[in-house]
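Please read them with the model open.

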Amino acid sequence: MDVITRNLLALKILSPGFRARDLDTNEIVSVKTAAYRVALLDTVVFLETKRWQFNKTTYIIGEVQSYSFSLDSLAIEGHDYTIGESHSPLEYYERSQLTGLLGACLKGGMRPSIEFEDYTGYGFYGPDTDPVFEAADCLDPSKRYDILTKLWVEYPECIDALVHIANPYIHRRIYQRNAENCYLAAIAIAEKKLPPDLDGMALWSWIENRPYLRALHGYCILLWSLGRFTEAEKVACKLLRLNPPDNTGVRFIIDNIHNKEPWTED
């Protein structure tokens, strides 16, 4: 029996198996093998023993040799942006409020604003269509997952699709690695073109910034729920610094995270 080693990127988790892109050929395949530990966006080394086609879909079976998350496998263009007006934290807070962790996160004066281009998915399938909104409004979890995974495969710059895939998994222990992969990918795609020394603000008021900020917020909550307090605090501070008006309410939880208080649903 011939065995062929395939390097795959998991695009959608199925039952059983997963849908994937062959990283060497760019072919989309459906893996019909039990792979319960493989998470969305994992890079999978797969030992293929058989393949066939049915209704234009290529199926393969074999054995998962290894799996891990790697940003290098994504190969997605980062988000374009422009630099806008500079702002100061004092536009949003009295100086007396900038104490403790909040003050530490917001130290410094005027900083430029980052304004991302539109990668929300609005209009991708036609005028006045919004698949992310459609998915968020869908009561069927399976259909919602189908809409979002399809959107991201066809439009990988749409990080809001990844964020909305991840959000339901935050507090479901067996699926949390799916959520972490999605958040990390979304954040990396948004930041890919940003200079590493750019200390700017990505304000919530600029609508196209919101998918990035939602990804950071979701990742912060995930890390907190996993008890990874140091990492969660770092992300919380980053989110506050990017968006001092704090529309996601991080200033109300950063002390709890710093004090290593366990996450609770309330």
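1. A disulfide here is a pair of cysteine sulfur atoms within 2.5 Å. By that rule the count is one disulfide. This is a predicted model: local features need pLDDT of at least 70, side-chain atom pairs count only at pLDDT 80 or more, and totals for chains, interfaces and linings use all residues. Residues are numbered from 1 along each chain as its sequence is written, and side-chain values use heavy atoms, with hydrogens and water left out.

2. The bonded pair is Cys105 and Cys237, with sulfur atoms 2.2 Å apart. It links distant parts of the chain: Cys105 sits in helix α1 (residues 100-105) and Cys237 in helix α7 (residues 229-242), 132 residues apart. Helices (H or I, at least four residues) and strands (E, at least two) are DSSP runs, numbered from the N terminus. The torsion about the S-S bond of Cys105 and Cys237 is about -135°, so the disulfide is left-handed.

3. Are the two partners buried or exposed? Buried means under 20% relative accessible area, exposed over 50%, and partly exposed in between (1.4 Å probe, protein chains only). Cys105 is buried, at 4% relative accessibility. Cys237 is partly exposed, at 22%.

4. Cys138 is buried at 13% relative accessibility. Cys220 is in no disulfide either; the nearest cysteine sulfur, that of Cys105, is 10 Å away. Cys220 is buried too, at 0%.

5. On to the pockets. On a 1 Å grid over the protein atoms alone, a pocket is an open set of points where a 1.4 Å probe fits, with protein on both sides within 12 Å along at least five of seven lines; lining residues have an atom within 4 Å of a point. Points are joined across faces, edges and corners, and a volume is the space filled by probe spheres set on them.

6. The largest pocket holds about 810 Å³. It is lined by 31 residues, and the closest to its centre are Ile13, Tyr145, Tyr169, Tyr175 and Asn178. Two or more lining residues come from each of β1 (4-13), α3 (141-154), α4 (159-166) and α5 (176-191). Helix α3 gives the largest share, six residues.

7. The second largest pocket holds about 440 Å³. Of its 21 lining residues, Glu191, Tyr212, Leu216, Lys238 and Leu242 are closest to the centre. Helix α7 supplies the largest share, seven residues.
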